[in-house]
Amino acid sequence: MRRVRLAIVGLGNVGQRLLELIQLKRDTLRTRLDLELSVVGVCDSTGGAENGVGLDLAKILELKRAKRGIAAYPTGARVEMPPLEMVRTVATDIVVELTPTNLTDGEPGLSVIRDALARKMPVVTANKGPLVLAYSELAALAQQNDAHLLHSAAVTGGLPTLNIGTRDLGVASIEKFEGVVNGTTNYILSRMAEGQSYADALKHAQDIGMAEADPTLDVDGWDAANKLVIIANAVLRRPTKLKDVTVEGIRKITPTDIATATEHRQTIKLIALAERIGKDYNLTVRPTWLDNSHPLARLGAGTMGVIYHTDINGTIFASIEEEDPYPTAAAVLRDIVQIATTRA
Ligand SMILES: NC(=O)c1ccc[n+]([C@@H]2O[C@H](COP(=O)([O-])OP(=O)(O)OC[C@H]3O[C@@H](n4cnc5c(N)ncnc54)[C@H](OP(=O)(O)O)[C@@H]3O)[C@@H](O)[C@H]2O)c1
């Protein structure tokens with residue numbers, strides 16, 4: 001049995017579900033892959049805990065569900081251990097980085113990822129911030145140090161957008177990518193198509209915890225643009241920053257726009273688009289009037305979807321209904337397993 005040690009930074013929605021899935025899939029990992037995943041270090045905003053033989057995952061989940069921090073973990077706990085110290089101190093095989101997306105300076109995730117890769121330590125992250133701000137730098141660091149940096153959950157959660165693009169379309173030329181990649185705006189536009197006003201649909205999205213109190217990142221298109229930046233870098237192999245994307249959000253969509261679209265058998269969706277123009281791509285995020293027969297027009301609230309138009313692999317459409325972050329955590333687990341099973 002191969003034992004692979006994990007240090008996990010961030011135990012929120014995704015981190016806690018990852019711990020649940022590691023428990024749930026323990027037997028499958030053993031019998032199918034001869035693999036034992038052992039969590040030897042964790043930290044949240046209160047501190048860190050480490051145990052070289054493996055931490056008690058049930059105890060960690062019990063603490064988090066009781067709204068207590070890792071600083072309260074009983075034996076072997078080292079409190080006030082910030083993320084960087086935890087990943088430097090704990091003898092681990094993979095660093096899993098699941099802190100909040102910070103698009104200002106990428107921290108604390110960016111330093112954790114940089115430090116781990118520089119020490120030839122493989123990294124799995126679901127965090128868009130460091131990737132949007134420093135994709136080229138991190139990819140180069142990973143290559144120089146022969147260390148994996150896998151981040152399939154960072155774009156569209158459980159929908160394997162990046163894996164399809166990088167692995168399954170690895171030899172193709174991608175002529176066009178189009179996607180509904182932001183759940184909140186798709187929810188709002190879907191509710192508006194059912195007759196709600198923008199304000200009511202947004203309020204409902206906020207009431208059910210889907211939209212933030214400050215919805216700017218979603219409704220003004222920036223979240224979708226951030227995802228497009230990662231797709232452009234990872235899949236289209238185009239060094240891309242946020243300034244390269246033309247962005248327009250959904251705030252200005254009116255009931256009249258929706259009614260006109262309906263009259264013409266069309267649906268309005270916020271589309272992230274990369275269109276090949278010569279050797280480059282034109283990158284946009286904007287509300288787009290799609291014929292109702294278009295696969296992305298049919299995506300309901302709570303669904304995301306992407307389409308790759310290629311030269312040799314045909315046209316591939318994939319979608320996911322993701323109402324809680326289990327599929328995101330499952331994508332993180334898949335990345336961990338990919339690294340664990342390809343190590344020498
Ligand atoms: N939720 C999703 O469906 C989803 C989907 C795709 C990608 N993602 C990305 O995945 C990442 C994690 O998402 P999430 O929903 O799990 O976030 P979350 O619920 O906000 O959890 C973040 C975790 O990071 C910890 N943390 C925050 N600042 C820290 C610091 N300075 N040092 C150490 N730990 C710190 C928090 O500690 P406390 O527990 O003490 O607060 C918490 O445990 C984010 O980057 C997010 O954008 C999420």
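Predicted model: local features only at pLDDT ≥ 70, side-chain atom pairs only at ≥ 80, totals over all residues.
Reader: How do the axes of α5 and α6 cross?
Author: The axes of helix α5 (residues 109–118) and helix α6 (residues 128–144) come within 11 Å, crossing at roughly 5°. That makes α5 roughly parallel to α6 (angles under 35 degrees count as such). Axes are lines fitted to C-alpha atoms, with angles from 0 to 180 degrees between N-to-C directions. Helices are DSSP runs of H or I with at least four residues, strands of E with at least two.

Reader: OK, new topic. How many residues surround the ligand?
Author: 25 residues do, and the closest are Gly10, Gly12, Asn13, Asp44 and Ser45. Near means a C-beta atom, placed from the backbone, within 6 Å.

Reader: Which element gives the most to that shell?
Author: α1, with three residues. α1 (13–24) and β2 (35–44) each supply at least two.

Reader: And the strands, how do β10 and β11 pair?
Author: Strand β10 (residues 266–277) and β11 pair in the antiparallel sense over 12 bridges. Pairing takes at least two DSSP bridges. Leu270 has Pro287 in β11 as its bridge partner.

Reader: What's in the turn of that hairpin?
Author: Two residues lie between β10 and β11, and Gly278 in the turn has a positive phi of about 60°.

Reader: Which way does β9 run against β11?
Author: Parallel: two bridges join β9 (residues 246–247) to β11 (residues 280–291). Val247 stands opposite Val285 in β11.

How values were computed
Residues numbered from 1 in each chain as written. Parallel < 35°, antiparallel > 145°, perpendicular 65-115°, else oblique.
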